[in-house]
Amino acid sequence: MQYAVGIDIGGTKTAIGLVDANGQALAKTTLPTNPSSPSHMVDEIAAAANKLMEDSGVSASELLGIGIGAPGPLDTKRGIIAEPPNLRSWWGFPVVDSFRRHFDSHVKLAFENDATAAALAERWIGAAKNADHYVYMTISTGIGAGIFSHGRLITGATGNAGDIGHIVIDPAAGLCQCGQRGCFEYIASGTAIARMASELLGRPVTTKEAFELALSGSNAAAEELVRRVFRYIGVGCVTMINTFDPELIVIGGGVSQVGAPLFDTVTDYIRHHALNPSGRETAVVPAALSQDVGLIGAAALIHIAYK
Ligand SMILES: [Zn+2]
């Protein structure tokens, strides 16, 4: 058996897993992401990866490669973390070369943005098995997408394809951190829901509480807010359908866990607004993988994407 180590670098924590050729994680661990010293963090991740192999009885010769997923913007062509807003001191860090120093030369290294890796994981062992044209959308603190088209990943020239969080949906809405107004992420992410619900109710409200208030029917204003956000997510899906003509959209991330109320609204929006008749029938389903999707996706880069 050959194995891959999947590494999912996040703003607050980094997940590391030893994954076999069937997509099963034999062993995994998490480390707090060191916000100030990426190079020290790579040393820690490499040590943790070696320990997972040791504990699982996997030898160095059985290690096929190391897959790395990280938040964008990044530059996969040069193996560099470019400018992720929540990893400021990592900007410009040569992550691939840094990992290279820790592993034998036969070990492959692959690097993609985290949403792209997650899209691959869902196609490998999740909700998009056998789909040759599909879009994975993650809606949590931010919004991103991984795009699979004609049986292959669409990553773009530098690995930043699918940054759909910064498609403008409503220019009349406020200023996004990217400098545009009314970005998808600014009006429909978990962060956005909490911000807008807090403004509406005049006190701090979490995304979870906003959903509870809206879906229990106990607060009409929260209900209207959440319904509007779900429609915005529908707008995002129609944009993906009109652009890529997918057969399937998979939605993951914390916001998707609200379940049927989201998926019903989005499906209804698509039925009415996708341009082409077949697009109006596009299936929209919840992601099948949850907290391990990042590390399994990163390992999938080795096992299936770059074989
Ligand atoms: Zn933006």
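**From the loops to the metal site**

Author: P73 sits in the loop that joins β4 (63–70) to β5 (74–75). Here helices (H or I, at least four residues) and strands (E, at least two) are DSSP runs, numbered from the N terminus. Please keep in mind that this is a predicted model, in which local features need pLDDT of at least 70, side-chain atom pairs count only at pLDDT 80 or more, and totals for chains, interfaces and linings use all residues. Residues are numbered from 1 along each chain as its sequence is written, and side-chain values use heavy atoms, with hydrogens and water left out.

Now for the metal, which is a zinc ion. (Donors are N, O and S atoms within 2.8 Å of the metal, or 3.2 Å for Na, K and Ca; water is not among the atoms, so sites may look incomplete.) The four donor atoms make angles of 104 to 119°, and the site is tetrahedral, a word used for four donors if all angles lie between 85 and 135 degrees. Read along the sequence, the donor residues follow the spacing H-x9-C-x1-C-x4-C.

(Buried means under 20% relative accessible area, exposed over 50%, partly exposed in between, with a 1.4 Å probe and protein chains only.)

N130, in the loop between α3 and β8 (134–139), is exposed because its relative accessibility is 71%. H150, in the loop between β9 (143–149) and β10, also counts as exposed, at 66%. Their backbones are worth a glance as well: phi is near 70° for N130, a positive value in a residue other than glycine, and near 50° for H150, again positive in a residue that is not glycine.

A loop residue can be hidden too: L87 lies between β6 (80–81) and α2 (95–100), yet it counts as buried because its relative accessibility is 1%. If you follow the chain from L87 to L301, you pass along 214 residues, and the C-alpha atoms of the two are separated by 23 Å.

Technical notes
Four donors count as tetrahedral if all angles lie between 85 and 135 degrees; four count as square planar and six as octahedral if opposite donors are over 155 degrees apart and all others between 65 and 115; anything else is irregular.
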